[in-house]
Amino acid sequence: MTDIGPDVEKPRGLGMSAVVCGVVLAILVLGRSFLVPLAIAVLFWHLLEALISDLSRLASSRFRIPPWFASILVVGLILLGLYAIGIVLLSQTNAIAIAWPHYAERMKSIVAGLADWLGEGPSAKVREELGKIDLTRQAAGLFTSAQSLVVNIVVVFLYVFFLFGERRYINVKLGALVPDAEVAGDAEKVLSAISVSIRRYVLIKTLMSVIVGVSSYVVLRTLGADFAETWALLIFLLNYIPNLGPVIGAIFPALIAWVQFDTVEYFFGVASALAFIYAIVGNALEPLIMRKSLNMSAFAIVLSLTFWGTIWGVVGMFLSVPIMVVTMIVCAHFPSWRWVAVLLSKDGRISDDRA
């Protein structure tokens, strides 16, 4: 009987890995509607659990916060924050509805001026393309998207609610799944490393987003830009998307300022001011704080952003870095996949071999 040598086994192993990767990719794409709300819910639930746990450990010589009270406090603060955001958005919606006719006329005038500047041929093409835009259909599509967003939010909150109900059994299930004490200990270390890294990233990113959002609000309010509260909130949220988010967050307020003040100088002024804020916070302050906590390659972050944005859209962009953190830590604990963690790291050092 002929023995199968290592040279034959290696192609088989590579072929099997390719098949597994293909199946996983197909599941991620085809199961998007199910997996995206689940991923958001798990991340949100984990952060809430961490915050509740931290509050429960706060103690003094006379007082300790009970876990149940910490849970109520955290949920209450989140609901209060969502209520405040809703109030701001509703008030801005009324202002946008009142100002929209003026903005629509100004947009037409600006587009017409740009088209004329391009020349007769391109001008006619631009006008033809603008004539094809069906605002009624766009509004219907926007309404459908809003309905889908509301449904997904409800599903996420339901997932989080039931995850809270299951939390007391998680350690029991983990012990049942991994009966070997040594393997269970390694699994607990991996989960702990993932938990600490994600919490640290979200905390730092939230702090940086607050600084960017508040600074942007001050700049927009000082310049007299309309809807400063809405733009500041949008900039705060978009700052969670690495690299691309701040660019989008600067362009839209700058375009609206151009329409509002009827001069291109305001466009460049707003864009430059917001870009300066991000340059200070995103390129100086944030890397300074994160460099000792997360050791991820900037190029790998861009690749992760592109990949998850392609298969999961905007939500995938928000989740790209936390997913990359999980991938890096898990791969670091498996010798056959350690090379992936090394490639994802900034300097080749991963959690296992750091001092």
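Colleague: What should I know about the model before reading it?

Modeller: The model is predicted: local features need pLDDT of at least 70, side-chain atom pairs count only at pLDDT 80 or more, and totals for chains, interfaces and linings use all residues. Residues are numbered from 1 along each chain as its sequence is written, and side-chain values use heavy atoms, with hydrogens and water left out.

Colleague: How many helices and strands are there?

Modeller: Helices (H or I, at least four residues) and strands (E, at least two) are DSSP runs, numbered from the N terminus. Here there are 12 helices and zero strands.

Colleague: How do I read the span of a helix, say α7?

Modeller: The expected span is 1.5 Å times one less than the number of residues. Helix α7 covers residues 181-223, 43 residues in total. From first C-alpha to last it reaches 62 Å, close to the 63 Å expected.

Colleague: What follows α7?

Modeller: Gly-224, with a positive phi near 80°. Most residues other than glycine have a negative phi. Phe-227 is a residue other than glycine with a positive phi, near 60°. Phe-227 sits in the loop between α7 and α8.

Colleague: Is Phe-227 buried or exposed?

Modeller: Buried means under 20% relative accessible area, exposed over 50%, partly exposed in between (1.4 Å probe, protein chains only). Phe-227 has 13% relative accessibility, so Phe-227 counts as buried. Of the protein's 355 residues, 31% are buried.

Colleague: How many salt bridges does a search of the whole structure find?

Modeller: A salt bridge is a side-chain nitrogen of Lys or Arg within 4 Å of a carboxyl oxygen of Asp or Glu. The search finds two. In one, Glu-286 pairs with Lys-205, with the closest N and O atoms 2.9 Å apart. Glu-286 lies in α10 (residues 264-290) and Lys-205 in α7, so the pair ties together parts 81 residues apart in sequence. Glu-286 is buried at 10% relative accessibility, and Lys-205 is buried at 6%.

Colleague: Which residue meets Arg-221 in a salt bridge?

Modeller: Glu-229, at 2.7 Å, N to O. Arg-221 is partly exposed, with a relative accessible area of 43%. Glu-229 is also partly exposed, at 25%.

Colleague: How do I read the largest nonpolar core, and which members touch the most others?

Modeller: In soluble globular proteins, nonpolar side chains tend to be buried together. A nonpolar core is a set of buried Ala, Val, Leu, Ile, Met, Phe, Trp, Tyr and Cys residues joined through side-chain atoms within 4.5 Å. The largest one here has 52 residues, and Met-296, Trp-312 and Val-325 touch the most other members. Helix α11 gives the largest share, 14 residues.

Colleague: Which residues are in contact with Trp-312?

Modeller: Contact means heavy atoms within 4.5 Å. Leaving aside neighbours within four places in sequence, the partners of Trp-312 include Leu-28, Arg-32, Leu-35, Val-36 and Ile-323. A second, separate core of 11 residues includes Ala-41, Trp-45, Val-74 and Phe-164.

Colleague: Where is Leu-158 found?

Modeller: In helix α5, residues 135-166. Leu-158 counts as partly exposed, at 45% relative accessibility. Leu-158 and Ala-41 are 117 residues apart in sequence, yet 8.5 Å apart in space, C-alpha to C-alpha. Across the protein, among contacts between residues at least 6 apart in sequence, 65% join residues at least 24 apart.
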